[in-house]
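Have the model open while reading.

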Amino acid sequence: MQRYFVEPHQISGHLVTITGDDVHHIVKVMRSRTGQEIVVSDGQSRTARARLSQLDAGRNLVQAEVVEWLDEQRELPIDVTIAQGLPKGDKWEWILQKGTELGASAFFPFSSERAVAKLDEKKEPKKRERWQKIVKEAAEQSHRTRLPVVLPARSFQQTIEEIPRYTACAIAYEQSSGFGLHAVLDSLGPGDSLLVLIGPEGGFSAEEAAQATAAGAVAVSLGPRILRTETASQYVLAAVSYHFEQTNGERRESNG
Ligand code: SAH
């Protein structure tokens, strides 16, 4: 069944009101008819099966009636924010799409010493709109119930200052010894948040790595091979899923 994210205020009682690009998708792309069902999610807590009751492409409006509230468990038990040294455009978009499929809660790019790509501050808001759209489509496709957010770009310094806002922070640093990621994940439980710092194509400088660890990040290895920046974030997200959803499945169930 086709899924759409709406703003919380678009679900009022049992009435769902859809506007914007999704109207075009429902009416023109899917060629839906009244009576057909879709799944809508407010991106936070409510997901429902809803029956289309009004299709009005002219007024850019679709309405649907909630048939059943769904109680779906599709989200990682911890909130993972992927902060990535900005890679070139198409790679970043790939990271957003795949990272959403793998369950990330938020993303932001940061500038750093060895970054190849540079972000034009003036163009950022427009780009972020496009990035958020990529995330929305990936979240609908992968049946997420929470809509991940693309946060504004930051400098490396600003990124470091964010560390205390999270339960834990891991910096992926290929020169770190041991496999600290397991220990970091072991220290976290449902509802906790993890900030993951991944370097750009050129990696982190030793000084940046030192600054991050001084600010509370744990340097972690992602194995003996050097991964490309876009692979590194996917490794971490897959490891989080494995840790909490596969090996510790019992723990998750007992915590609801
Ligand atoms: N330093 C290298 C590689 C950069 S890889 C160079 O100079 O080209 C890009 C980023 O991916 C790194 O900054 C790091 O955050 C992450 N990464 C890749 N492989 C890793 C590994 N084996 N362990 C930890 N982090 C890794």
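Ser-193 touches Asp-79, Arg-165, Tyr-166, Thr-167, Ala-168 and Leu-188, leaving aside residues up to four places away in sequence; contact means heavy atoms within 4.5 Å. Ser-193 sits in strand S11, residues 193–198. Strands (E, at least two residues) and helices (H or I, at least four) are DSSP runs, numbered from the N terminus. Ser-193 counts as buried because its relative accessibility is 14%; buried means under 20% relative accessible area (1.4 Å probe, protein chains only).

The model is predicted: local features need pLDDT of at least 70, side-chain atom pairs count only at pLDDT 80 or more, and totals for chains, interfaces and linings use all residues. Numbering runs from 1 along each chain as its sequence is written, and side-chain values use heavy atoms, without hydrogens and water.

**Pockets**

| Pocket | Volume |
|---|---|
| Largest pocket | About 650 Å³ |
| Second largest pocket | About 320 Å³ |

A pocket is an open set of points on a 1 Å grid over the protein atoms alone, where a 1.4 Å probe fits, with protein on both sides within 12 Å along at least five of seven lines; lining residues have an atom within 4 Å of a point. A volume is the space filled by probe spheres set on the points, which are joined across faces, edges and corners.

The largest pocket lies between domain 1 (3–70) and domain 2 (79–246), because both give residues to its lining. Domain bounds come from an automatic or database domain assignment. H3 gives the most to this lining of the largest pocket, with seven residues.

In the second largest pocket, helix H7 (residues 229–247) supplies the largest share of the lining, three residues.

Methods. Buried means under 20% relative accessible area, exposed over 50%, partly exposed in between (1.4 Å probe, protein chains only).
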